[in-house]
Amino acid sequence: MGPLKGIKVIDMTTVLMGPYATQMLGDYGADVIKVESLDGDVTRLIGPMRHAGMGPVFLNTNRSKRSICLDLKKPAGREAVLRLLKDADVLVYNVRPQAMARLQLGYDVVSAINPRLVYAGVFGFGQDGPYAAKPAYDDLIQGATALPALMAQTGDGVPRYVPNALVDRIVGLTAVGAICASLVHRDRTGRGQRLDIPMFETMAGFVMGDHMGGLTYEPPLDKGGYARHLSRDRRPYKTSDGYLSVIVYNDKQWENFFKATGRDDLRTDPKFATFAGRAANIDVVYAELAHIFETRTTAEWIDLLTKADVPVMPMHDLASILHDEHLEATGFFPVVTHPTEGPIRSMKVTASWSETEAEPVRLAPRLNEHGAEILREVGYSADEIAAMVRDGVTRAAPE
């Protein structure tokens, strides 16, 4: 059922940021109609895969959706989208607003047809600055919001991107919250609105929320940066046979750690004894912990620290996380049967509700799998659909 049951979302997004957001809306119960080009979302091509057009990136960001392909540069394709939008609740797009205007699908056009529509754009930059028309990708925004510089500062001095589409997913999450808030406003007032979620500004706030530091003040008190996050020794600790993720943070946890390890000498050391002392000497603190953790095995440390109520977790890799005991117990990685792809490993919806529990309503669709069905819902006849296929406005249904 899901908390968004009854909400109709037209998804005109590609790659990752927009599809990740709309997948969440679909998982939450919305009817998400994914409008693709005749070639389909490019992530369909990212392998490995069992069948062409059904790669893992696509499978994992496009469940809970129906697919229709339309050539929006043709008048009949644009007309079909406008019919879909007439009774929709949300439109999500991730091209630049200038491109939507060229397609004659700008907010001024669409809102005149459906004034209740939440018209949500996820794109590179706020539209009131000099970067407004620039293209944007995850790597570019990571670089522009200091993440590679921070990676260099805490590593070997070489700037690197975070090995994850961090920007796309954070901005996608931000879009979900903004869209849901706009739906609340719409239900209170009866009016939709245009909603811009820019990547650059969203990530600038995300990164600088931690690292503004003394730059918060005018004049600045320092050069910025959160010292604990920037310590070179803030990393998984090497044990005698592997690695471990541990954080000893507050005074109670440190007291428990001193007792568990018999390090009374550290309890009386001003560098370790208080929160302020540890914060001022964080590199020394982390370096000492690194030496301590090398003295036992990973299993020994997990047992000791768990009993001492000191926060500890295993350091997984991409294979071992699939077998984490907690994720196995909660069924986080269910193996499901896709109609064409066979058994695939999925991931459960992470949020839970006491009254409107949500779960994926369908697995990722083949290109144009639901095209004829969707067109019939907005009034197209079988002959009209056949003509659209013949004219190259859409494609025939997949076999």
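**Figure 1. The salt bridge between R366 and E369 in the predicted model.** E369 is partly exposed, at 31% relative accessibility (buried means under 20% relative accessible area, exposed over 50% and partly exposed in between, with a 1.4 Å probe and protein chains only). R366, at 22% relative accessibility, also counts as partly exposed. The closest N and O atoms of R366 and E369 are 3.8 Å apart; a salt bridge is a side-chain nitrogen of Lys or Arg within 4 Å of a carboxyl oxygen of Asp or Glu. A search of the whole structure gives 21 salt bridges. Because the model is predicted, local features need pLDDT of at least 70 and side-chain atom pairs count only at pLDDT 80 or more, whereas totals for chains, interfaces and linings use all residues. Residues are numbered from 1 along each chain as its sequence is written, and side-chain values use heavy atoms, with hydrogens and water left out.

**Figure 2. Further salt bridges, including a network.** R194 and D196 form a salt bridge in which the closest N and O atoms lie 3.0 Å apart. D196 is partly exposed, with a relative accessible area of 31%, and R194 is partly exposed, with a relative accessible area of 37%. R263 and E288 meet through their side chains in a salt bridge of 3.3 Å, N to O. This pair links distant parts of the chain, 25 residues apart: R263 is in the loop between α11 (251-261) and α12 (264-267), and E288 is in helix α15 (residues 282-293). E288 counts as partly exposed, at 22% relative accessibility. Salt bridges also link D31, R66, E373 and E377 in a network.

**Figure 3. Packing of helices α8 and α9.** Helices (H or I, at least four residues) and strands (E, at least two) are DSSP runs, numbered from the N terminus. Helix α8 (residues 166-189) packs against helix α9 (residues 199-211) at an angle of about 95 degrees, and their axes are 10 Å apart. Axes are lines fitted to C-alpha atoms, for helices over the stretch in contact, and angles run from 0 to 180 degrees between N-to-C directions. The two helices, α8 and α9, are therefore roughly perpendicular to each other (under 35 degrees counts as roughly parallel, over 145 as roughly antiparallel, 65 to 115 as roughly perpendicular and the rest as oblique). L166, V167, D168, I170, V171 and T174 of α8 make the contact with M199, T202, M203 and F206 of α9, where contact means heavy atoms within 4.5 Å.

**Figure 4. The surroundings of D89.** D89 lies in the loop between α3 (75-85) and β4 (90-93) and counts as buried, at 11% relative accessibility. Not counting residues up to four places away in sequence, D89 touches G6, I7, K8, R116, L117, V118, L183 and R186. D89 and R186 are 97 residues apart in sequence and 9.3 Å apart in space, C-alpha to C-alpha.
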